[in-house]
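Open the structure in your viewer and keep the selection panel at hand. This tour tells you what to select next.

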Amino acid sequence: MAALHDSGRGMSQGARNALPMILFLGVGFAAPLLAVIAYSFMPERSFGLIHPPTLANYVEVFTGNSYISFFWSLLFAAMTVCILAVICYPIAYGLSRVFGRWAPILTLLFTIPLFVSENVRLYGWILFFIKNGVLLGTLKSWFGIELDSWLFTRGIVLLGMVYVYLPFMLFPMTLGVSMVPNETREAARDLGASRWQIFREVELPLSMPGIMIGLLLTFVLAVGAIAEAKVLGGQTIIPITHDIEIAFTYAQNWPLGAALAVLLMLVVGTLVLLVLKRFDLDAILGKR
Amino acid sequence: MSKRAPILELKSLTKSFGTLNAVDGIDLDIAEGEFFTIVGPSGSGKTTLIRMLAGMEQATSGDIILSGKRINDLPANKRPTCMVFQSLALFPHRTVGENIEFPLKIKGIDPEARKKRALALLDQLRLPQNYYDKSVLRCSGGERQRVALARALAFDPKILFFDEPLSAIDYKLRKTLEKELKDIHRETGKTFVYITHSLEEAMVMSDRIGVMRSGQLVQVGTPNEIYSAPKDKFVSEFMGDVNVIPVTMNGSRTITADTFDKTFAVASVPDAFTKGHLVIRPEFVRFVATSKDADNVLEGKLYNEYALGSRIQYQVRIGENVFIVEKLRQHSSDLKRDQTVLIGWDAKDSILVTG
């Protein structure tokens, strides 16, 4: 063992073992991120990183109307998360009560749609909602009811987002609810608690880690959503991700796109940190 | 113990799972303030029984009568009883204080009175006052036991049920907690109904013991009755190492061993006894010098000896039959393996049981 300690050139064994991972993360994760941040300080429409840094892109973002896209992205992400929480908690609760230990594994079935490309699934919804499609066509031919298509409305965008991100909420939530030991429920009941009191005092706080992870995961994913607004929404709302894409492609203005991306990261990162500060996952999990 | 009005009466209480009767027609009266222990091996239905009493399982038939009122259909949260679980079922996201205060919070008692009660309970359970703000996850096994008991006592139940709460605790601490529990029973004067698979544990704590097998109560009695007058082979063997000899009574009212040639002198024969077992506790068997030194004497070979703390146990083999002799350490005999020995016991120290 002495030889191992001597050859380290001041590096601990743990650090040396972590070296491949550090390199991998450095090249694959940190470097692109740093590049984006660097680009955000480059002059308009430049493609290199050797220009003197400038704040012009940020000035343009704040003086322009990107805030509308930010607003739509954050609003729709927040709404998606709220709707998913309301839908998924009862499902997770039912699954864990009925299937017990097997519930999280069963929940994996809900992720099977993820094997199909998101765009393909969204086009499926188009076929469902399009005029003379599955829904409206059936209503028309069977009941003679003729309705306007709901496609390309804000409601449909929300539906698409709820549909796409459901597994990401349901899985951690089911794990969280399954983590509540049944005997704590029984003990609370035995000590006189009503169903609602058991939920509030025992089940909700004990399943909080799963719920928090679900909320954060779906929020972060939903803020980055783009396909739902494009495919189902037909541009009724323009999310910030769309602005970023435009800046990097049609507009050929990488620095502006980079500045938007950096701001989005800052906004989401701040929100996540605030939530994590408020809900200490370790404390909820009982690690301290 | 003195005759007191029963607080809990069970009348042919039965719980069936399909065709299996996990609890099979139990009749039992438990007196107010009594420490009653139900002992049985795993699968004997004792946990199902106590879960029915606490309201976590629905009885299939029969009555549970608490203070004269039938409570079969009362859900657990409406029963004035409380259970200490095998897993303790403490709330891991709460502090010691919050755990103890839980039943008070549910009752809507104001925080100040709650805290006062919790601190008093900490004191009663020999836990330091500063544990009030400690996370239950940072408590040791024994401390958690005390917190679970304090939480149950905070509920102020008419009866406290215990579902083997000490089974996961190491021997030494278990012995301490058993005694503490008995002290707390004395201090609170509450009725305790305790479940365990260890008759030894039951002996230490209980006023009365009910031995359970296959959903039925085989014998109910004081620890002394169970120890000195077991009703059958099952109860006698449950008490730990014991010598059991299958015997038959022949026409001339003599008791003879089934597996070897020997006639035994016994103090009394139960009514209508024909076939059964002769039970002799190992501490009543002694090494003797001649066949005249005890009412019953057998010759065998010493196979091995085991040191059991304050006692020493000897295994003596007579043909295929194994006998156990126990002595206090200070009276240990200097014997060698395979040495031929005479073992004996007196007629008054053996018990004839049917079955």
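**A sheet in chain B**

Three bridges tie β11(B) to strand β12 (residues 255-257) of chain B, and the two run antiparallel. Strands here are DSSP runs of E of at least two residues, helices are runs of H or I of at least four, and both are numbered from the N terminus. Two strands count as paired if DSSP finds at least two bridges between them.

Before going on, note that this is a predicted model: local features need pLDDT of at least 70, side-chain atom pairs count only at pLDDT 80 or more, and totals for chains, interfaces and linings use all residues. Residues are numbered from 1 along each chain as its sequence is written, while chains are lettered from A and ligands numbered from 1 in the order in which they are written.

Select B:Val247. Opposite, in β12(B), is B:Ala257. Now move to the hairpin of β11(B) and β12(B), with five residues between the strands. There B:Arg253 has a positive phi near 60°.

Next, select residues 243-249 and 275-280 of chain B. These are strands β11 and β14, antiparallel and joined by six bridges. B:Val244 has B:Val279 of β14(B) as its bridge partner.

Widen the view. Five strands of chain B make an open sheet, in the order β13-β12-β11-β14-β20, with antiparallel pairing. Which strands stand at the edges? They are β13 (263-264) and β20 (350-354) of chain B; each has a single partner strand, so one side of each lacks a neighbour in the sheet.

Stay in chain B and select B:Asp338. Find this residue in the loop between β18 (321-328) and β19 (340-345). Its phi is positive, about 70°, although B:Asp338 is not a glycine. Most residues other than glycine have a negative phi. Is B:Asp338 buried or exposed? B:Asp338 is exposed, with 10 other C-beta atoms within 10 Å. The cut-offs: buried means 20 or more other C-beta atoms within 10 Å of a residue's own, exposed means 12 or fewer, and partly exposed lies in between, with C-beta atoms placed from the backbone.

**Where the chains touch**

Show both chains. 18 residues of chain B are in contact with 17 residues of chain A. Contact means C-beta atoms, placed from the backbone, within 7 Å. On the chain B side, β6 (81-84) and α2 (96-106) each supply at least two residues. α2(B) gives the most, with three.

**Helices and a loop in chain A**

Select residues 154-178 of chain A, helix α8. In α8(A), 20 of the 25 residues are buried, so the helix is largely enclosed by the rest of the structure.

Now pick A:Pro20, in helix α2 (residues 13-39) of chain A. A:Pro20 is exposed, with 9 other C-beta atoms within 10 Å.

Last stop: A:Gln235, in the loop between α11 (227-231) and α12 (240-248) of chain A. A:Gln235 is not a glycine, yet has a positive phi of about 65°.

Key. Two residues are in contact if their C-beta atoms, placed from the backbone, lie within 7 Å.
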